[in-house]
Amino acid sequence: MKDITVEELLTRKNTIIIDIRSPIEFKDGAIPGAINIPLFTDEEREVIGTIYKHEGQAAAKWRAMEFVSPKIPSLLKQIKEAMSDGEELVVHCWRGGMRSKAVVTFLEFAGIYAMKLEGGYKAYRQFILKEIPTMFPETAVVLHGLTGVGKTEVLKKLKSLCYPTLDLEEMAAHRGSIFGTIGIGEGNNQKIFDSLLYKELQEIKSSAYFVMEAESKRIGKAAQPEELMNKKMKGINIYIHTPLEQRVKQLVNEYVLPYQNEPWYHSQISIGIEKILRRIKDHDIKKALIHSLENKEYQGMIGILLEHYYDPRYDYATHEYDGKFIDIHADDSDDASMKVIAELDKLMEKKNKEIKGRI
């Protein structure tokens, strides 16, 4: 049986990672791309833990064997079906202990070669938390702009054209507002966020800069590392301006049209509006928001929110940044993308001249 270290695993391209932890463990955090084929169900894992606590290790091992024995053929079949020709197989559990050792042994008996991840998921998590602070490119290019200018769309366009980006909202599965999880689930926790951040940093590590949005430290359930916050505050700032009517259209396309006919939609919007109403002092604005919500006039509601809630709060936040701001005036997110690209190309041209000047 061969062990593979986390460092070795993360440098290999042609591997299939089988995570044999229970579904609840896998949901809490996993190596990106890993396939969950659990050795125990959540309930079985809980039973084994209780036996271990009250009756000791030997009794817990015996119960575990009783749970696993009938599953072995099905387990091996699932793992075999997940494999492709020429790919290496790596199996891991929480600490690289008995669970992964047992499965690798079963696989060997079946004539399937597999490696065990040394230290398991715990070692992977410790490794990426140590590495992440050292991986950020030198310069952050930070996209600013009032809600609805399409900063996320600009980021996605840049990434599709192979510009180095970090889409933190995508990693957090949260759009960074009170309505941040509408249509995209409950949001990712810190462990999942960190794993996705590490993966993205690996892809852009050779770049001189990276592009990100001007996010708050906390995005939904996850928080940015301090090193990223420092890069952001001292970066190059690009402020995108688009007309108010275009911003309303952008947000209607993003938050309303895909979901408005879903049975859960109105109640989720109502919860978000209730939170906002507590923070608004002007009685007329409150009344207008309530009226638009009750009548499901979502477009009008968004216009009120932008002018009287989000916009006044956004400009105040830009005062925290050290560098000067480059202003871009665009008709929509596509226009903004092209103008941001022009600024990035100028930035790279300047950096290349600086490098040549040092030689």
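Me: How do you know that the span of helix α6 agrees with its number of residues?

Reply: Helix α6 covers residues 98–109, and at 1.5 Å a residue its 12 residues should span 16 Å. The end C-alpha atoms are 16 Å apart, which agrees. The expected span is 1.5 Å times one less than the number of residues. Helices here are DSSP runs of H or I with at least four residues, strands are E runs of at least two, and both are numbered from the N terminus.

Me: What sort of model is this, and how are residues numbered?

Reply: This is a predicted model, where local features need pLDDT of at least 70, side-chain atom pairs count only at pLDDT 80 or more, and totals for chains, interfaces and linings use all residues. Residues are numbered from 1 along each chain as its sequence is written, and side-chain values use heavy atoms, with hydrogens and water left out.

Me: Which residues of α6 are called buried, and what puts them on one face?

Reply: Arg-99, Ser-100, Val-103, Val-104 and Leu-107 are the buried ones in α6. Seen down the axis of α6, the buried residues fall within an arc of 125°, so they line one face of the helix. The arc is taken over the directions from the helix axis to the C-beta atoms. "Buried" means under 20% relative accessible area, "exposed" over 50%, and "partly exposed" in between (1.4 Å probe, protein chains only). On the other side of α6, Met-98 and Phe-109 are exposed.

Me: What do the buried residues of α6 pack against?

Reply: Their partners are α2 (23–28), α3 (42–55), α5 (72–82), β4 (88–92) and β5 (115–117). Contact here means heavy atoms within 4.5 Å. After α6 comes Gly-111, with a positive phi near 85°.

Me: What makes the buried residues of α5 sit on the same side?

Reply: In α5, the buried residues are Leu-75, Leu-76 and Ile-79. They cover an arc of only 95° around the axis, which puts them on the same side of α5. In general, an α-helix has 3.6 residues a turn, so residues three or four places apart point the same way. The face of α5 turned away from the buried side has Pro-73, Lys-77, Lys-80 and Glu-81, which are exposed. The cover over the buried residues of α5 includes β2 (15–19), β4 and α6.

Me: How does the reach of α7 compare with what is expected?

Reply: Helix α7 (residues 120–131) has 12 residues and reaches 17 Å from first C-alpha to last, close to the 16 Å expected at 1.5 Å a residue. Buried residues of α7 include Tyr-121, Tyr-124 and Phe-127. The buried residues of α7 pack against α1 (6–11), β4, β5 and α10.

**Buried spots in loops**

Me: Why is Thr-165 called buried?

Reply: Thr-165 has 5% relative accessibility, so it counts as buried. Thr-165 is in the loop between α8 (151–160) and α9 (168–172). Not counting residues up to four places away in sequence, Thr-165 touches Leu-155, Leu-158, Lys-159, Glu-200, Ile-204 and Val-211.

Me: And why is Ala-30 called buried?

Reply: At 13% relative accessibility, Ala-30 counts as buried. Ala-30 lies in the loop between α2 and β3 (35–36). Leaving aside neighbours within four places in sequence, Ala-30 is in contact with Asp-19, Arg-21, Tyr-121, Tyr-124 and Ser-195.

Me: Why does Ala-173 count as buried, and what is its phi?

Reply: The relative accessible area of Ala-173 is 16%, so Ala-173 is buried. Ala-173 has a positive phi of about 50° although it is not a glycine, and its place is in the loop between α9 and α10 (190–204). Lys-296 has a phi near 55°, a positive value in a residue other than glycine.

**The whole chain**

Me: How many helices and strands are there, and how much of the chain is buried?

Reply: The chain has 16 helices and 11 strands. Of its 359 residues, 47% are buried. The C-alpha trace spans about 70 × 65 × 35 Å along its principal axes.
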